[in-house]
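Hi,

Here is the structure I promised to pass on.

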Amino acid sequence: MTDDSHGDADGHDHDHGHGHGHDRGDATGSQRALKLALVINTVFFVVEVVGALYANSLTLLADAAHMLTDSASLLLALLAAWIATLAADEKRTYGYQRAEILAALANGVFLVVIVAYIAYEAVVRFQNPQPVKAVPTIVVGVVGLAANLAGAYVLHGGRENLNIRGAYLHLLADAAGSVAAVALGVALYFTDLRVLDPLFSLVIAALVLYSAKDLLAESVNILLQGTPPGVDVDVVTDSLRGIDGVTGVHDVHVWALTSRSVACSAHVVVTDDADRDAVLDRCRRVLGDDHGIGHATIQIETHQGDCETADFDCYPGDTRT
C-alpha cells in the first residue's frame with residue numbers, strides 16, 4: 001500500500017492509500033479451476049438429462065435444470081474473472097473487478113428462477129403423479145453426486161472470491177440434489193409412492209433457495225456500497241479518533257469495492273500543531289492493519305477550518321467529534 005498526500009491552502013490534506021493487490025497468479029488459478037469445473041459440470045448435465053428422460057423423474061430433471069444454470073454460472077464466472085483482470089482506465093478508475101460481483105448477483109438470480117421452475121413442475125406432478133424408474137434414478141444420482149463433489153473440490157480453494165463462491169454454492173446445492181435423487185430412487189425401489197418424486201424435487205428447490213440467499217444479500221450489499229460484514233463503522237471511527245493529534249472524526253464511509261477489497265473515506269480533525277504527515281501515515285496503518293481496509297481516502301481538517309465538502313458528502317447527523 002502506498003501513500004500520496006498533499007496539502008492545500010486552506011489547511012486540508014488528503015491521503016489516498018491504495019491496496020490493489022490483484023494477484024495475477026491467483027486470477028489465473030481461479031480461471032483454470034472454473035474451466036475444469038465447467039467441463040465436469042457440462043458433461044454430467046448431458047448425462048443427467050438423458051437419465052431423467054429415461055427414468056421419467058422430475059427430481060432428476062430438476063437437478064439437470066440446476067446443472068444447466070451451474071454451467072451458465074461457471075461460464076459467467078469465467079467471463080467475469082477475465083474482465084476483472086483488465087487494468088483501470090479513465091472510464092473505470094477502480095478497474096473492472098466489480099464484474100465479478102455482477103456475475104455473482106446474476107448467479108443468485110438464476111438460482112431463484114430455477115426454484116420457481118421446480119416448484120411449478122412439482123405442483124403439476126402432485127396433481128398427476130408419474131411412474132419413475134428407480135434403478136436409473138439411483139445410478140444417475142450417484143454419478144451426479146460424484147461429479148458435483150469433484151467440481152466443488154476444484155473450486156473450494158477460491159471461496160474468498162464472491163464470484164467463485166457463487167459457482168461453488170451452485171455445485172454444493174446440486175450435490176445435495178443428487179443425494180435427494182439417490183434417496184428417491186431407493187425409496188421408489190421398495191415402494192410405489194409416486195408422489196415422492198415431486199416431493200423430493202421441492203426438497204431440491206429449498207436447497208437451491210437456501211444457497212442463493214447469502215449470495216444475493218452480499219452481492220446487493222456490495223453494489224449498494226453497504227458496509228461489509230465484519231466491519232463496524234463505529235469501531236473504525238474510534239480507532240481513528242484514538243490517533244495522537246486527532247481531536248475528532250466525521251463523515252466516515254466504509255464500503256466494499258469487491259468481496260476482497262474494502263475502501264474507506266473519512267474526515268479527520270487534528271490539532272493546530274499536529275504533524276499531518278504522521279497522522280496520515282498512522283491513519284493508513286490503523287485502517288490497513290487493524291481493519292483490513294486497503295484503499296483509504298483521508299481528509300485532514302483543523303478546528304479553525306470548515307469542512308469544504310460538507311454540502312455533498314457529510315451526511316446529516318454525523319457529528320462524532
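Predicted model: local features only at pLDDT ≥ 70, side-chain atom pairs only at ≥ 80, totals over all residues.

Let me start with Asn56, which is partly exposed because its relative accessible area is 28% (buried is under 20%, exposed over 50%, and partly exposed in between, with a 1.4 Å probe and protein chains only). Residues are numbered from 1 along each chain as its sequence is written, and side-chain values use heavy atoms, with hydrogens and water left out.

Back to Asn56: you will find it in the loop between α1 (24-55) and α2 (58-84). Helices (H or I, at least four residues) and strands (E, at least two) are DSSP runs, numbered from the N terminus. Asn56 is not a glycine, yet it has a positive phi of about 60 degrees. As background, most residues other than glycine have a negative phi. Asp251 is another non-glycine residue with a positive phi, near 50 degrees. It belongs to strand β3 (residues 246-258), and it counts as buried because its relative accessible area is 1%.

On to the annotation. UniProt, in an unreviewed entry, puts "transmembrane region" at residues 33-55, 67-89, 101-120, 132-155 and 167-189. Those positions are in the numbering used here, feature names are shortened, and annotations may be inferred rather than shown by experiment. I looked at two of the spans. Residues 33-55 are 100% helix and 0% strand, with the end C-alpha atoms 32 Å apart. Residues 167-189 are also 100% helix and 0% strand, and there the end C-alpha atoms lie 33 Å apart.

Next, the surface. Which residues form a nonpolar patch there? They are Val135, Val139, Val143, Val186, Tyr189 and Phe190, with about 590 Å² of accessible area together. Patches take residues with over 30% relative accessible area and no salt bridge, joining like charges within 9 Å and nonpolar side chains (Val, Leu, Ile, Met, Phe, Trp, Tyr) within 5 Å; the areas come from the Shrake-Rupley method with a 1.4 Å probe, and for residues only the protein chains shown count as cover. Helices α4 (134-155) and α5 (162-190) each supply at least two residues of this patch. Val143 lies in α4 and is partly exposed, given its 40% relative accessibility.

Tyr189 and Phe190 are both exposed. The count of aromatic pairs comes to 1, and here it is: Tyr189 and Phe190 sit edge-to-face, 5.1 Å centre to centre with 85 degrees between the planes. For that, rings of Phe, Tyr and Trp (its six-membered ring) pair if their centres lie within 6.5 Å, with planes under 30 degrees apart called stacked, over 60 edge-to-face and the rest tilted.

Now the salt bridges (a side-chain nitrogen of Lys or Arg within 4 Å of a carboxyl oxygen of Asp or Glu). The count is 4. One of them joins the side chains of Asp197 and Arg125 at 2.8 Å, N to O. This pair links distant parts of the chain, with Asp197 in helix α6 (residues 196-223) and Arg125 in helix α3 (residues 99-127), 72 residues apart. Asp197 is buried because its relative accessibility is 0%, and Arg125 is buried at 14%.

Another bridge runs between Arg241 and Asp238 (2.7 Å, N to O). These two are about one helical turn from each other because they are 3 residues apart in helix α7 (residues 233-241). Arg241 is partly exposed at 23% relative accessibility, and Asp238 is partly exposed at 47%.

In helix α8, Asp281 and Arg285 are 4 residues apart, about one turn. Salt bridges that share partners join Asp281, Arg284 and Arg285 into one network. The bridge from Asp281 to Arg285 comes in at 3.0 Å, N to O. Asp281 is partly exposed at 27% relative accessibility, and Arg285 is partly exposed with a relative accessible area of 39%.

Last, Ala274, in the loop between β4 (261-270) and α8 (276-291). Buried or exposed? Ala274 counts as buried because its relative accessibility is 18%. Leaving aside neighbours within four places in sequence, Ala274 is in contact (heavy atoms within 4.5 Å) with Gly245 and Val279. Ala274 and Gly245 are 29 residues apart in sequence and 5.3 Å apart in space, C-alpha to C-alpha.

Cheers
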